[in-house]
Amino acid sequence: MIAPDLTALAERITALQGARVVCVGDVMLDRFVYGEVTRISPEAPIPVCRVTNETAMLGGAGNVVRNLVSVGALVDFVSVTGDDEIAGDIGLLLRDLAGVTPTLVVDTGRPTTSKMRYVAGGQQLLRADREVTTPISDDVADSVFAAAEAALSGAGALIVSDYGKGTITDRLVARLIAAAKSAGKPVIVDPKSRDFGRYAGASLITPNLKELGEAADGDLSSEDGIVAAARGRLAAAGIGAMLVTRGAQGMSLIAPDRADHFPSRAREVFDVSGAGDTVLAVLAAGIAAGTPMIEAAQLANVAAGIVVGKTGTAVVYADDLHAELGEMTGLSGPQPPLRLAAALDRIRTWKDRGEKVGFTNGCFDLLHPGHVSLLASARSTCDRLVVGLNSDASVKRLKGENRPMQNEAARAAVLSSLETVDLVVIFDEDTPEALLHEVRPDILVKGADYTVETVVGADLVQSYGGKVILADIVPGFSTTATIARMNAS
């Protein structure tokens, strides 16, 4: 096993920002229906799921794109859809992703692939797929190729995300690899075919252990066996290198002249859905940014460890990578607050696990016992406490030109160091109302010096069944009074 240089990896995260990648593959729509099961149907021996929430997100190659964008990469995405409502939903989701230039070639003869998952108590009850896996026609493939070829000149790498749904035909993948090689661009392939030979000429291929076993003979129970099987396939297919994802055993990066094994970081696994997409995206973004392949693979391994701790078809953000590497070194101290998208992703994971999310807010300038008491009271009402923190500009508007005494980064660092606080989110508005619409906490907590009627967001939280709690606080403490005493001394 090879240990990564964590400091060097942290520096590589910044290089991901603005890396440009062309991604070609099977797009699909992932729908999740969440609910509660408390009884068995009288009509058949099956559970009755009372639906509480529904979400939809990009899946398949679309999830690769989501992960690319979340780490800061720019993407030219080319795929095939049908002419239906699901294709329209995919188009809207892609439009909402900053940094993506999509080309969706319409094939009227096939439905857009979708997967519907029913989830209760953190477990999938049922998955219903709508798909056709026959290869796309040559005419459709020609349109896909033309769009991808046109984007290659401005990209640092080409991803081929083959989900086996018909977009990546033998003819198309051969043309894509040839065009990328002619343009001097590395090609990273996530394979679904047992015949790795169809990806001949690719720079790197990323099968999981099961996929390697289906494509190669030999005993894969040891690292030596994995290396031997991989090298046999690389030589036979004419592929440069292979990154084998091995679940709890980590990953193996294998080339004809060397093999490196990366251990996984032990953590509780909640959902492995889409973990391979995360690996592919971070790996390709790193390579597109000029990161050496071994370091890109190590960064992808860190990303895989993060994403399996989330629920659903999740993504990893650059903030997640920084936080994880900081935790692994044990030297970074409190982490900076997450940007809103990453924060909402973490909150969604907590909710999907059935954890109760609480929220409180304030300026928290010069933290005092009254603040500590409020935060402790708030945390006692929930499983996870999110703190909305007024930005420097917001505090200045509310408190005057000489405030805050500490900038938002310092205030967030102090709050994050408290055991009672699970997440800090900075907001620029004078009130947290817009943030509350995004977070939708189960419980909203303010001090007992308020009334429910005067708590910002109380009506919103109560409208969907949430609770508003007025917590007792330690009297006699005020940041404004403290500052006044300091100035008078």
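## Salt-bridge network

Asp138, Asp142, Arg171 and Arg175 are joined to one another in a network of salt bridges. The model is a predicted one, and 30 salt bridges are found in the structure.

## Glu36 and Arg50

A salt bridge connects the side chains of Glu36 and Arg50, with an N to O distance of 2.7 Å. Glu36 belongs to strand 2 (residues 27–40) and Arg50 to strand 3 (residues 47–60); the two residues are 14 residues apart, and the pair links distant parts of the chain. Glu36 has a relative accessible area of 40% and is therefore partly exposed.

## Arg130 and Asp84

The side chains of Arg130 and Asp84 also form a salt bridge, at 3.5 Å from N to O. This pair links distant parts of the chain, 46 residues apart: Arg130 is in strand 7 (residues 123–130), while Asp84 is in the loop between strand 4 (74–81) and helix 3 (85–95).

Both partners have a computed accessibility. Arg130 is partly exposed, at a relative accessible area of 39%. Asp84 is partly exposed as well, with a value of 23%.

## Glu223 and Arg246

Glu223 and Arg246 meet through their side chains in a salt bridge of 3.7 Å, N to O.

Glu223 is partly exposed, with a relative accessible area of 26%. Arg246 has a relative accessible area of 10%; because buried means under 20%, Arg246 counts as buried.

Technical notes. Residues numbered from 1 in each chain as written. Predicted model: local features only at pLDDT ≥ 70, side-chain atom pairs only at ≥ 80, totals over all residues. Heavy atoms only, no water. Salt bridge = Lys/Arg side-chain N within 4 Å of Asp/Glu carboxyl O. Helix = DSSP H or I, 4+ residues; strand = E, 2+ residues; numbered from the N terminus. Buried < 20%, exposed > 50% of the residue type's maximum accessible area, 1.4 Å probe, protein only.
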